Amino acid sequence: MPALLDVQHLTVELPTSRGWVRPVHDVSLRIAAGETLGLVGESGSGKTMLSLALMGLLPQGAKIRGEAWLNASASAASKNLVALRENDWRAVRGGEIGMVFQEPMTSLNPVMRVGKQVAEAIRAHDPHASRADLQRRTLKALRRASVPEPETRAEQFPHQLSGGLRQRVMISMALAAGPKLLIADEPTTALDVTVQKQVLALLAELRRAMQLGMLFITHDLGVVAQVADRVAVMYTGRVVEHGPVREVLTRPQHPYTKGLLAASPTLERGKFLPIPGIVPQLTDLPPGCAFAPRCPWRRVECDAAVPELRAVNADHSARCVLVGEAVQAGHEACR
Ligand SMILES: Nc1ncnc2c1ncn2[C@@H]1O[C@H](COP(=O)(O)OP(=O)(O)O)[C@@H](O)[C@H]1O
Ligand code: SF4
Ligand SMILES: [Mg+2]
């Protein structure tokens, strides 16, 4: 399938008082039009930093290497996000890539009516639109995100809306200028379960109707199972497993993915086993596999060097020395 986004060997480096760290380390991934890639991992694994890199919103002082091609298959419209200048980003953010965050209140202006905020998002990419046109398109954007009574809601301020409605307004803003790629960073984490389901259903419907490619970031494998076609699992900045969602969730190859599954209250019925230990600091990574201190299958070669991503099959890979061995049997025995 042609790629809408093609990320190759992307690395982000940040200065800290204890030296440079790499919250995103040699990450490669692809998203096709209409496809959803779920990006999962515990807190601190680099998911948000990767999404900020793809929006040109990295913290000051960050260094970025590698490539991230948007519209990778259409040579005329193709652009490398890593090489964009600030002026070029204005057209890309919102225009070609929309973004939805966990907490809409941090992105919405508390003293501006929500309709005006959606209109501003449209006007940023179409400065000559007439007032009447902006109003019509604002209501259409709110309606598309299933905001009930859009005429009334457009006149309200963010604090007058529920959390779920605020997230719908954010989604309508993110999609108002018609981007082809949506980056959604934990968009349902702050919502209660019922509202979360509704927002996930909305995103699935928008994705289908608009042929949206989506990078869906979450720490919840249960959510990934509902929304994603493929999944990339991140740990300490690196992708440690990558493949079709059903295959990865039913036949995980990396012990970390296996651990996340056992720790998922939504997927693992009956027992709920948190992964022992904590995510190491980026300044204190072990020399070999970063998961080694928490891994029940650790052996000498795991500490020698960071394992390469190994192919499980044409679509599925994992960064573990056990790939290619009878890993599945071993995992089952130890659970
Ligand atoms: N401004 C910064 N300077 C240095 N390190 C940072 C900065 N912001 C985040 N980090 C580190 O980058 C890593 C990845 O963070 P983040 O992308 O927010 O993870 P996630 O979204 O997966 O929870 C964490 O170890 C975090 O401490
Ligand atoms: S490489 Fe070794 S330590 Fe790392 S996940 Fe695989 S078995 Fe565990
Ligand atoms: Mg995050």
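How far from an oxygen atom of ligand 1 does a backbone N or O atom of Gly44 lie? The answer is 2.7 Å, and that pair is a polar contact (N or O atoms within 3.5 Å). This is a predicted model, where local features need pLDDT of at least 70, side-chain atom pairs count only at pLDDT 80 or more, and totals for chains, interfaces and linings use all residues. Residues are numbered from 1 along each chain as its sequence is written, chains are lettered from A and ligands numbered from 1 in the order in which they are written, and side-chain values use heavy atoms, with hydrogens and water left out.

**Ligand 1**

- Around ligand 1 sit 13 residues, counted when a heavy atom lies within 4 Å of the ligand; Gly44, Gly46, Lys47, Thr48 and Met49 are the closest.
- On its own, ligand 1 has 560 Å² of accessible area, and the protein covers 64% of that (Shrake-Rupley method, 1.4 Å probe).
- Strand E1 (3-16) and helix H1 (47-54) each give two or more residues to this shell, and H1 gives the most, with three; helices here are DSSP runs of at least four residues and strands of at least two.
- The shell splits into five nonpolar, six polar and two charged residues, with Gly counted as polar and Cys as nonpolar.

- Ligand 2 takes up the space of the largest cavity, and a molecule sits in a cavity if more than half of its atoms lie within 2 Å of its grid points.
- A cavity is a set of points on a 1 Å grid over the protein atoms alone where a 1.4 Å probe fits but cannot get out, and lining residues have an atom within 4 Å of a point.
- The largest cavity has a volume of about 100 Å³.
- Its lining has 13 residues, and Cys289, Cys295, Cys302, Cys320 and Val321 are the closest to its centre.

Terms used: 1 Å grid on protein atoms, 1.4 Å probe; cavity = no way out; pocket = protein on both sides within 12 Å on 5 of 7 lines; lining within 4 Å. Points joined across faces, edges and corners; volume = space filled by probe spheres on them. Polar contact = N/O pair within 3.5 Å; in protein donor to acceptor, adjacent residues only side chain to side chain.
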